[in-house]
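Let's walk through a structure together, one feature at a time. Ask away as we go.

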Amino acid sequence: MEAFARRIKGDVFARLSRVIDPELGRSVTDLGMVTDILVEASPDGPDRIGGADRPVFDVTVYVELTIEGCPLTRTIAERIDAAVSSYSKAILRPHQEVSSMSRDKLTALVDQLKAERRANPFTKAGSRTRIFAIASGKGGVGKSSVAANLAATFAALGYDTAAIDADIYGFSLPGLFGVDSRPTNLNGMLMPVTAWGVKLISIGMFAGSERAILWRGPRLQRSLEQFLTDVWWGEPDVLVLDLAPGTGDMAISVAQALPNAELVVVTTPQPSASDVAVRSGLVALQVPMRVRGVVENMSWYDHRGERLHIFGEGGGRRVADQLSRDLDRPVPLLAQLPLDTALREAGEGGRPAVLDAEGGLADTPMAAAFEGLARNLMA
Ligand SMILES: Nc1ncnc2c1ncn2[C@@H]1O[C@H](COP(=O)(O)OP(=O)(O)OP(=O)(O)O)[C@@H](O)[C@H]1O
Ligand SMILES: [Mg+2]
């Protein structure tokens, strides 16, 4: 029995090495969260279930949490129990002894993670993250709506998706995703908040005093850098950035901090919007940044079987053609998105309109348009 218990201990450890901490994206054993495993033959003796005659053991996993009262504690505990109780060679009854990591151990862990992560994870050679920066010339054309719904679409399509609200003064992603919680602070390293499958960070998630610090003076330019380096991103497949309107400094900061970023210009169909939209794309002449394409938003409104072009027609095409000429490389019109009151209403309700209540892609023309855009972007 002793030998069998030892073998079970080894097997359980191996299984726990595949239990991933949902925030840090590493296994609980890698993170040093499992400090011991106690395997004891159960006083209840062999159990007969479905004719199988397997010995019964009580298995106690000693778990040290990185943060006490962390919102994902339950998830971690459930994953650990599931890993133990799904063992096939014996019946294992899972128990846990939970405590929190000592200050020193936590500091060492964070230092180790920071060192591995180096400064900005997205500039690492071989980083496979596709980065799309959503820009516009004018305000109010639907950049944030496009950024939020695009990120939600990527997540619903199964991509590991992150989003940064880079509109420091006019942040809107927390509202669009219905987030009112704050990022967990792990000794100076922030965990993004996950909502609708998307890992998010926004200055809107910070309290007034912290926000004021981020907003002050030179910190503003550094805020994007801070979001990139102080937040634990793991290695997402896609990162979507919602930029402030205009040809401002942020686009330049993005180009500097994220040389792989691809700019997506959002515009509306009226010709008068075109020139300023083109200017937002021409930032690519000043900084090395690829303009991936143009999205025309509010293209039409389907009303009782009739397609109404409320804001005119052709703006997206014009911007794409003009940018192709000025940048001397093809800049496609990637998508035309309809006007849909559901987009605004859902956004105000804290759920990106492309998603149904379960977080899957909704069966709507809007969701189909976003799926097309997402697939175009990844092509
Ligand atoms: N296709 C659409 N159909 C209906 N409403 C839309 C659509 N796109 C955007 N809106 C609405 O238009 C308003 C402005 O959109 P949004 O905030 O996304 O624009 P923005 O470009 O990010 O604005 P800002 O420049 O202020 O950051 C919002 O109320 C939004 O719900
Ligand atoms: Mg916005």
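Q: What should I know before I start?
A: This is a predicted model, so to speak with care: local features need pLDDT of at least 70, side-chain atom pairs count only at pLDDT 80 or more, and totals for chains, interfaces and linings use all residues. Residues are numbered from 1 along each chain as its sequence is written, while chains are lettered from A and ligands numbered from 1 in the order in which they are written.

Q: How many helices and strands does the chain have?
A: Helices (H or I, at least four residues) and strands (E, at least two) are DSSP runs, numbered from the N terminus. Here you get 13 helices and 17 strands. The C-alpha atoms fill a box of roughly 80 × 50 × 35 Å along the principal axes.

Q: What share of the residues in the chain is buried?
A: A residue is buried if 20 or more other C-beta atoms lie within 10 Å of its own, exposed if 12 or fewer, and partly exposed in between, with C-beta atoms placed from the backbone. In this chain, buried residues make up 40% of the 379 residues.

Q: Which residues have the most contacts inside the largest nonpolar core?
A: In soluble globular proteins, nonpolar side chains tend to be buried together. A nonpolar core is a set of buried Ala, Val, Leu, Ile, Met, Phe, Trp, Tyr and Cys residues joined through C-beta atoms within 7 Å. The largest one here has 86 residues, and those with the most contacts inside it are A133, I134, A151, V198, V240, L243 and V254. Helix 4 (residues 143–156) gives the most to this core, with nine residues. Another core, of 20 residues, lies apart from it and includes V12, V28, I80 and V84.

Q: Which residues come nearest to ligand 1?
A: For the shell, a residue counts as near if its C-beta atom, placed from the backbone, lies within 6 Å of the molecule. Of the 20 residues around ligand 1, G139, G142, S144, S145 and R344 come nearest. Helix 4 and helix 12 (341–348) each supply at least two residues of that shell.

Q: Where is S144, and what does S144 touch?
A: S144 sits in helix 4 and is buried, with 25 other C-beta atoms within 10 Å. Contact means C-beta atoms, placed from the backbone, within 7 Å. Leaving out residues up to four places away in sequence, S144 touches S172, L173, L176 and D242.

Conventions
Two residues are in contact if their C-beta atoms, placed from the backbone, lie within 7 Å.
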